[in-house]
Amino acid sequence: MLVRLTDGWQELLRRHAQSGGYPRPVSDLLGEMLAAAVLMQGNIKFNGSLVLQVFGDGPVKVAVAEVQPDFTFRATATVLGEVADGVPLSHMVNVNNQGRCAITLDPKDRMPGQQPYQGVVPLFGSRHEKLERMSDVLEHYMLQSEQLDTRLVLAANEHIAAGLLIQRIPTTGEANLSGTAAAQAREDAIGRNEDYNRIATLAASLKREELLTLDADTILHRLFWQEPIQRFEPPEGVLRPRFGCTCSRERVAAMLESLGVAEVEGILAEQGQVEIGCEFCGARYVFDPVDAAQIFLSRQDQPPASSQVQ
Ligand SMILES: [Zn+2]
């Protein structure tokens with residue numbers, strides 16, 4: 001699977017630029033995470049949000065990329081301190097070996113009390129080396145937690161966030177073309193399939209610059225010119241990945257309600273109003289004392305809250 005995010009990625013960067021933006025290595029990291037999250041969402045076709053997070057112990061405290069089943073995406077990062085140009089991944093998020101990467105699948109139809117599925121891995125490889133590329137972190141994650149051979153190439157700059165995903169799908173059941181059970185057992189042995197290894201090696205030879213500048217057909221032909229190639233377009237009705245935020249005035253009100261009346265009244269006494277900014281899209285939600293009081297009235301008596309995105 002191959003993805004190139006352009007307009008939506010640029011819109012995301014424009015919105016974050018309004019609140020100061022990110023150092024270049026951080027925005028490149030966010031772009032790579034987003035491209036990977038879109039690829040994973042496309043791969044598993046999960047009916048819920050896929051959230052890819054890095055919890056850092058360096059200047060980057062957290063980086064989040066989130067993709068909905070309709071491929072709207074958003075991302076944000078919290079940066080405290082300096083991030084110099086060209087610093088490796090570990091200097092941003094794994095300075096003291098405490099950095100973590102988490103993938104969360106949060107189903108749309110989650111029952112009350114049901115926890116979303118989450119897998120977490122440290123930012124180290126199998127020989128306990130610090131991983132310096134997001135693609136290495138995710139390949140390691142897939143192998144460790146899903147037992148899936150995966151090759152990922154990711155790249156981002158201020159114009160485009162792009163990724164190529166190669167994954168060996170376990171061959172099981174009637175449709176397995178490899179024949180005997182013994183052949184199947186061989187096939188399913190991680191890292192031992194010749195076809196997969198050849199394709200994965202070719203994919204890994206894709207240069208960052210090529211991924212950022214070449215269109216999908218050119219990339220496929222350049223990498224796999226000796227292979228029979230059949231390109232599948234996204235199915236009818238599947239929308240293109242695009243920027244979109246799931247925040248709303250109603251959700252902010254629910255958050256304020258959970259803070260409690262005393263906390264909210266404290267803020268009102270101090271600031272005259274409660275103002276909440278969405279860190280993903282920059283929308284600002286303002287609650288004056290009347291709005292705030294309404295939150296704590298019986299919610300059934302109110303007209304439906306409208307959402308407001310500026
Ligand atoms: Zn938002």
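1. Just after helix 4, Q147 takes a positive phi of about 55 degrees. Helices here are DSSP runs of H or I with at least four residues, and strands are E runs of at least two, numbered from the N terminus. This is a predicted model, where local features need pLDDT of at least 70, side-chain atom pairs count only at pLDDT 80 or more, and totals for chains, interfaces and linings use all residues. Residues are numbered from 1 along each chain as its sequence is written.

2. Helix 4 itself covers residues 134-146, and its end C-alpha atoms are 17 Å apart. That agrees with the 18 Å its 13 residues should span at 1.5 Å a residue, the expected span being 1.5 Å times one less than the number of residues.

3. Which residues of helix 4 are buried? They are M134, S135, V137, L138, E139, Y141 and M142 (buried: 20 or more other C-beta atoms, placed from the backbone, lie within 10 Å of the residue's own). Their cover includes helix 2 (24-44), helix 3 (89-93) and strands 5, 6 and 7 (contact: C-beta atoms, placed from the backbone, within 7 Å).

4. Now to helix 9 (residues 249-259), where V252, A253 and L256 are the buried residues. Seen down the helix axis, they fall within an arc of 100 degrees, so they line one face; the arc is taken from the directions from the axis to the C-beta atoms. Helix 10, strand 10, strand 11 and helix 11 are among what covers them. Just after helix 9, G260 has a positive phi of about 105 degrees.

5. Strand 10 (274-277) and strand 11 (284-287) pair in the antiparallel sense over 4 bridges (pairing: at least two DSSP bridges between the strands). G277 has R284 as its bridge partner in strand 11. Within this hairpin, which has 6 residues between the strands, G282 takes a positive phi near 85 degrees.

Definitions and conventions:
Buried ≥ 20, exposed ≤ 12 C-beta atoms within 10 Å, placed from the backbone. Contact = placed C-beta atoms within 7 Å.
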